[in-house]
Amino acid sequence: MTDSTAHLLSQIGSRLAGQLSLVSLDGRRRPAPPALVVVAHGSRDPRALSTVRALLERVRERRPGLPVHLGHIELNAPLLPDTLAGLGGREAVLVPLLLSRGYHIKRDIPEMAAASDVHARVADALGPHPLLVDALYARLVEAGWRAPADEGTRRASAVVLAAAGSRDPESRVDTGRTAELLADRLGVPVVPAYATTSAPTVPDAIRALAASGRHRVAVASYFTAPGRFATECAEAAPWIASAPLGTHPAMAELLLHRYDSAVRDAGLCRSAAPPRGATSHAQPALAM
């Protein structure tokens with residue numbers, strides 16, 4: 001059996017399992033779960049769209065029978081309003097493929113949802129969360145990170161957590177918390193730095209670490225997919241730079257975790273649906 005044939009059979013099996021999951025033991029059809037709409041930012045880099053689509057396939061493989069859709073805030077099709085229009089008036093949970101709180105989660109996504117016929121709840125940002133730290137650590141190891149073998153090497157080591165940047169102060173809080181969690185995992189300082197808008201920039205953070213005697217500096221790419229910012233941050237690395245989080249299994253798990261939390265908090269499929277076009281927004285929390 002070829003790999004492609006095996007993959008096709010696996011997909012067919014997953015879809016059949018998903019259909020069976022909608023039928024209870026007494027033969028009655030269970031209520032369909034709220035749709036999961038993953039909301040990506042959008043990018044002019046074609047690698048970003050292909051990465052996000054591959055990540056959604058991982059989500060579907062983990063949760064057969066769950067309707068999984070993609071919508072973009074800008075730049076790529078399908079745009080979020082178009083995705084929501086295709087759902088009719090059903091319930092949905094919008095899970096931002098965004099790593100911290102900010103304008104998109106607080107304003108853009110809720111406003112797009114409110115303008116639709118979908119009974120929607122906007123889930124929390126993906127970060128901070130230990131699953132993100134799992135993915136960051138794995139990507140660093142793939143890039144060549146090894147724990148310092150002695151005290152001298154440890155004192156010379158550090159990591160710059162390269163993020164996109166935002167004017168929202170809560171975004172900086174979230175990124176800083178992720179940096180703290182990653183530092184606990186690695187045992188060396190982790191400094192958050194940014195590609196745009198916020199300070200310090202990645203090059204500035206690297207120079208500051210070098211001035212303090214830390215020359216073994218890795219750049220951890222805190223981006224969901226390849227793109228211009230991720231590339232520029234990686235090019236600034238004096239030593240190694242990890243790949244974006246991409247399709248790491250922890251990312252699919254975290255998307256489903258945020259979906260499940262929003263469903264549980266809203267009581268979706270267990271209570272009366274909100275009024276037409278109504279949206280609710282999960283309060284971001286630092287609880288893990």
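Strand S1 (residues 35–40) pairs with S2 in the parallel sense through five bridges, two strands being counted as paired if DSSP finds at least two bridges between them. Helices (H or I, at least four residues) and strands (E, at least two) are DSSP runs numbered from the N terminus. The model is predicted: local features need pLDDT of at least 70 and side-chain atom pairs count only at pLDDT 80 or more, while totals for chains, interfaces and linings use all residues. Residues are numbered from 1 along each chain as its sequence is written, and side-chain values use heavy atoms, with hydrogens and water left out.

Val 38 has Leu 70 as its bridge partner in S2. Because four of the five residues of S2 (residues 68–72) are buried, this strand is largely enclosed by the rest of the structure; buried means under 20% relative accessible area with a 1.4 Å probe, protein chains only.

Strand S5 (residues 157–163) is joined to S7 by six bridges, and Val 159 has Ala 218 as its bridge partner in S7.

| Strand pair | Bridges | Bridge partners |
|---|---|---|
| S1 and S2 | five bridges | Val 38 and Leu 70 |
| S5 and S7 | six bridges | Val 159 and Ala 218 |

Note on methods
Buried < 20%, exposed > 50% of the residue type's maximum accessible area, 1.4 Å probe, protein only.
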